[in-house]
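Biologist: I'd like to learn how to read helix packing and strand pairing in a model. Can you walk me through this one?

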Amino acid sequence: MAHRHTHGPHSIDRLAYQSGMRGWNPAFKTVLAVGTLVFCLAADRPAVSAAVILALAALQKGKGKLTLRDYFGLLLVSLAFLLLGGAAVACDISTVPAGDWQVRLPWFYVCASADSVRFAASLVLKALGAVSAMYLLALTTTACELVDVLRRAHLPPLLCELMYLIYRFVFVLLDMYGRMRQAAGARLGWRDFRTSCRAFGGTAGNLFVLALRRSRVYSDAMAARGYDGDLRFLEEEKPVRAAQIVGMLLFWAALIVLAVL
Amino acid sequence: MQPILQVRDLRFCYDSGVPALDGVSLDVHAGERIAVLGPNGAGKSTFFLCLNGVLAPESGQILLDGKPVDKKARKTLCERVGIVFQNADDQIIASTVASEVSFGPMNLRLPRNEVARRVDHALEYMDLQAFRARPPHDLSGGEKKRVSIADILAMESEVILLDEPAASLDPAGEERLERVLARLSDEGRTLLISTHDVDFAFRWATRAVVFFAGRILADDAPQTVFGDAALLRQAHLRRPVLAEVFDVLRAQGMAPPDAACPTTVGALARLLGEK
């Protein structure tokens with residue numbers, strides 16, 4: 001059972017570490033992403049949404065050095081959900097023909113009007129703009145920097161430390177599980193459904209025991225380096241450049257102009 | 001000379017009830033290179049954790065610079081005695097190499113610029129500057145090991161305990177590790193290394209301590225320890241290859257019969273050259 005690790009948490013995490021915008025101040029990126037999100041939602045204009053989508057794609061390509069293929073590949077994932085939701089908004093079900101277009105099915109009609117389609121399209125566009133704004137953060141900022149931003153925003157330290165450690169343990173446990181999975185595969189553990197169920201149960205149970213043991217060793221290792229209940233790291237200083245702030249304000253001003261026009 | 005660390009009749013017991021340390025006494029002098037030998041489960045790792053102050057011994061005493069370390073002063077043990085864990089993944093907690101190395105110095109409550117200096121120095125020392133912004137789950141086993149050593153270097157502990165550091169390293173990694181150990185020793189650090197590699201212990205250590213079932217079986221110069229066949233059998237150790245070869249050479253009359261066994265291949269070559 002060969003498998004590759006190209007999707008899932010690995011890939012988004014890796015993109016964030018490789019991003020050309022990783023050196024930007026994380027708090028600045030958060031403000032930019034959240035601000036743009038708010039503009040996109042508040043303006044509620046297809047032109048603004050489209051501008052947000054295109055501008056952020058250009059930013060990810062130009063400054064983030066992300067290939068458009070990767071970027072739109074990721075955007076497509078959410079687009080699939082949005083289109084399904086949009087279709088549900090655009091269409092209506094009725095027993096008599098209504099609206100501008102109908103599809104006749106046994107017992108009922110699926111109908112849509114030009115207005116409802118326009119509304120659904122602008123909704124999908126708006127949601128996609130919001131998703132792009134969040135991708136701006138997710139694809140350029142590593143999880144630990146996000147936690148640091150939250151910590152500075154006065155989220156309780158306990159929650160921040162939990163998030164930080166969970167992030168690290170996800171990879172430790174994934175690694176452990178991957179190895180156990182391979183070991184089970186090497187002994188034909190996935191040959192048929194019944195064996196697979198047993199092997200999965202076994203590895204999952206084992207993972208739990210190992211995780212418990214691991215946590216004890218970890219707390220020893222942390223105590224050995226003087227941990228006393230307060231998780232502290234040296235964060236790299238990433239100063240905000242004036243040009244970045246000016247760029248952000250210009251972008252927002254352009255969005256306001258688009259919204260008012 | 002005042003030993004830097006003195007251990008008096010240390011006893012420790014895990015939940016299973018079997019004593020992991022059963023009356024261990026040892027003096028460690030500054031600048032010593034001590035190889036801690038013995039089979040798995042002999043108490044080496046537990047001993048290290050007690051020395052570093054993570055585990056509180058049930059009885060017995062640890063003296064730092066001649067002053068007994070009580071419960072309150074256990075933190076000073078952490079500061080002055082660093083421990084590199086056997087499995088680097090058990091030790092690494094941060095999400096980038098640089099912040100990982102900063103964890104120890106930050107816990108020492110040092111000022112920011114001092115922490116930054118120490119992190120830079122430790123990364124330079126372990127040749128990790130190129131990795132500073134990388135996440136640890138992206139590194140190979142050998143690279144993670146180097147990070148875990150840099151972790152302790154950044155704390156600038158006088159005594160460094162390494163728990164089987166060469167386990168899971170490739171030959172190039174082992175060579176690099178030995179270079180680092182030699183440099184640390186030259187700089188006057190005190191090193192205790194637990195290892196199963198008798199050849200390494202023989203050429204590197206100034207002193208060999210053999211653990212068995214929670215006690216110290218032997219504590220002497222490596223040449224003496226590895227010359228005691230009964231002791232080696234009891235502690236499940238084998239003789240270093242160099243000692244075996246030297247015996248053969250001596251039996252064949254190719255080495256002087258009264259010379260002590262040289263600890264390195266270079267020293268053996270010199271000895272044979274003299275003859």
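Biologist: Which residues make the contact of α3(B) with α5(B)?

Modeller: Contact means heavy atoms within 4.5 Å. On α3(B) the residues are Val97(B), Glu100(B) and Val101(B), and on α5(B) they are Val147(B), Ala150(B) and Asp151(B).

Biologist: Before we move on, what are the ground rules?

Modeller: The model is predicted: local features need pLDDT of at least 70, side-chain atom pairs count only at pLDDT 80 or more, and totals for chains, interfaces and linings use all residues. Residues are numbered from 1 along each chain as its sequence is written, chains are lettered from A and ligands numbered from 1 in the order in which they are written, and side-chain values use heavy atoms, leaving out hydrogens and water.

Biologist: How many bridges join β1 and β2 of chain B?

Modeller: Strands pair if DSSP finds at least two bridges between them. β1(B) (residues 5–13) and β2(B) (residues 19–28) are antiparallel over seven bridges, with Leu10(B) partnered by Val24(B). Five residues lie between the strands of this hairpin, and Gly17(B) has a positive phi near 95 degrees.

Biologist: And which residue of β4(B) stands opposite Leu5(B)?

Modeller: Leu64(B) does; β1(B) pairs antiparallel with β4(B) (residues 59–64) over five bridges.

Note on methods:
Helix = DSSP H or I, 4+ residues; strand = E, 2+ residues; numbered from the N terminus.
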